[in-house]
Amino acid sequence: MVSSEASVGEACSPEATRQYGITKPISLSGPSGSDLQRSRELEEFLVSAGLYESEEESALREEVLAQIDQIVKQWVKQLTREKGYTEQMVEESNAKVFTFGSYRLGVHGPGADIDTLCVGPEYADQEEDFFILLHDMLAEMPEVMELNRVPDAHVPVMKFKFRGISIDLLYASVALRIVPDDLDISQESVLYNVDEQTVRSLNGCRVNEQILRLVPNVEHFRTTLRCMKFWAKRRGVYSNVTGFLGGVNWALLVARVCQLYPNAIPSMLVSRFFRVFTQWRWPNPVMLRSIKEEELGFPVWDPRKNPRDRTHHMPIITPAYPGMNSSYNVSTSTLRVMTEQFQQGNKMCEDIEMNKANWSALFDPYPFFEAYKNYLQVDIVAADQDDLRLWKGWVESRLRQLTLKIERDTFGMLQCHPYPTEYVDNSKQCPHCAFFMGLQRKQGVLIQEGQQFDIRGTVDEFRQSVGMYMFWKPGMDIYVSHVRRKQIPSYVFPEGVRRVRSGRAANQIGKTSPQGRESSPKCCNGNFGDDIVEECNANSAEKANKRKHDMTTDVGKAEKRAAVSPNDVKSASLSVSDVSNRSGLASQTSSAEEPDHSSSTAGYGAIAKPVEVGEKPSKGCVKNGDQLEQKRSFTQKESVEEIGSGKGLQNSCILRAGKCQNGSEELESSINVEMILPSHAGVKSETVQKPVLRVSLASTA
């Protein structure tokens, strides 16, 4: 870690005044005394948070990389001999290991994996030589643990632990008979006579090299990126596989901010990051340099020519040829979540600059289980831990498809917030884990009272697509259920204790209407969420008495509750409901989503028509009473030309909870959510009664 003061003198150097990126910088201003102090405090916070590895672990990583490099060299020599080449050719044969990702960028932390790329000669293919011969060599080594090959991934990879260090090993066969030790894979010549899969394998290393060359100050870039990655993980927006941003995406965004403020130090860059991307007008792309079109013929990101590229919501273009959108996984819902988090981070940085808060406040964990009233719970089960590790990876990679399908089938009216954290109930005997998604209606759109979002068919389609797993084994299954905030299982909370929400949080999120009992997914001989069911049963009598008391003391309120009185709920009839016919729904699938074709999976119980419960909310207005705090005035007026829109960033206020975009009053309407809870395979099917949730999904989520 290099202190910020060490580079202050570089602000006036000729190198710092040259243009980086495709536009001129917004500001060339250097740090003030208070900026230097804040940078020192930020770096001290990052150290205290444990984001830097020890010298011993760093030395171990170097030793492991040296050993892996020797292993692949031995592998190529053995392969060359088996293919009948001369002894001279065997002696000269070579393979080389490159690193990329957080390790190559210098922002890895303790316990982080190392992304590696093995570059081999043209006669060493991936399918047989890499995934079979090299795999078998590694399997015989005592230092190697948890060896797993993933040949059918978008970028095929071999995963394993070597002396306790997690390794992701990719392979690329280049058009060379002998791979030189000084091979420069940043040159376009390395792409001659290779296929697109090889280009994708090479892309990680090539992008990292370009990033380090295109930023004004590498040390400031590294500190800022380390900070932003930590922030993204704490706020639940760090996951490429679930539709947020991964490591390379955050690196490209931070690099662009470094280009726009070439003389800024980390504390300034963090603040400017939120300021820039709070105002960025997506889907205008983020690019570190102009997109190059070489004669090699590989497709590059170009929405003018490629209709698929026009569907991307948050394009972040890689700087190495061929330029690709590294964030094609982002959906409408995940972009909304990230935009809200950028706005929150921007306000927090303003408070830090005005000495109203410290850096630790910026990294407060996101209260996901307090932010929504409705959630989808996805339980993943398997026969043993090894099967669960493989099955979980596959299901997690498909969760983004569930988000896209819900957006498609509800025409964007029901928004999803997938949370990229897995939770495990250690009290259960069978191997399992769970993921959660927050649900809310689209903000700012009036919905007819009583309108239902029936996503049972959507979940059915999702289960079928997940069931197409090539390496499926008996015992692997998933169960999707709708849970309300008060029914969230206790094991998701720290130390298994549900945090009591503060009055402010309760006011923001709103009151939850009385709920009926919900069935919980079963696993082996036990039930998930038994504690929640007991809690609901214990409180049901108290809630009924309170409702009855309110009805007798207030005639006006009793009239409003007449439609949902306990007697009406009891008299409601149940009937079997078919899964909705979805053939008439318009297809709004993202270009990255491929159609799924498979036979239906077994193990579904009968679907009972849900009972409508809960209060009918009265139409009300939320007035725009709060005012945004006056922003800190800076000594130098900063230009925002050509940022995010091609013309300039425009001032935009941060939308607070309960405010309409135009400052006018907004009516909150109610919705119904219908969900099914499929029964486990091998368990006797039973009728599952799921009440329709009818609450006001306020804009405070």
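Me: Which way do α10 and α11 cross, left-handed or right-handed?
Reply: α10 passes α11 in a left-handed crossing, where the near helix is turned anticlockwise from the far one by less than a right angle (clockwise would be right-handed). This is a predicted model, in which local features need pLDDT of at least 70, side-chain atom pairs count only at pLDDT 80 or more, and totals for chains, interfaces and linings use all residues. Residues are numbered from 1 along each chain as its sequence is written, and side-chain values use heavy atoms, leaving out hydrogens and water.

Me: What about the angle and distance between the axes of α10 and α11?
Reply: The axes of α10 (residues 266-279) and α11 cross at roughly 140° and come within 8 Å. That makes α10 oblique to α11 (under 35 degrees is roughly parallel, over 145 roughly antiparallel, 65 to 115 roughly perpendicular, the rest oblique).

Me: Which residues make the contact?
Reply: With contact meaning heavy atoms within 4.5 Å, α10 contributes residues including Phe-273, Phe-274 and Phe-277, while among those of α11 are Phe-342, Gly-345 and Cys-349.

Me: Nice. What comes just after α11?
Reply: Asn-355, which takes a positive phi of about 60°.

Me: Switching topic, how many helices and strands does the protein chain have?
Reply: There are 19 helices and 14 strands, taken as DSSP runs (H or I of at least four residues, E of at least two).

Terms used:
Axes fitted to C-alpha atoms, helices over the stretch in contact; angles between N-to-C directions.
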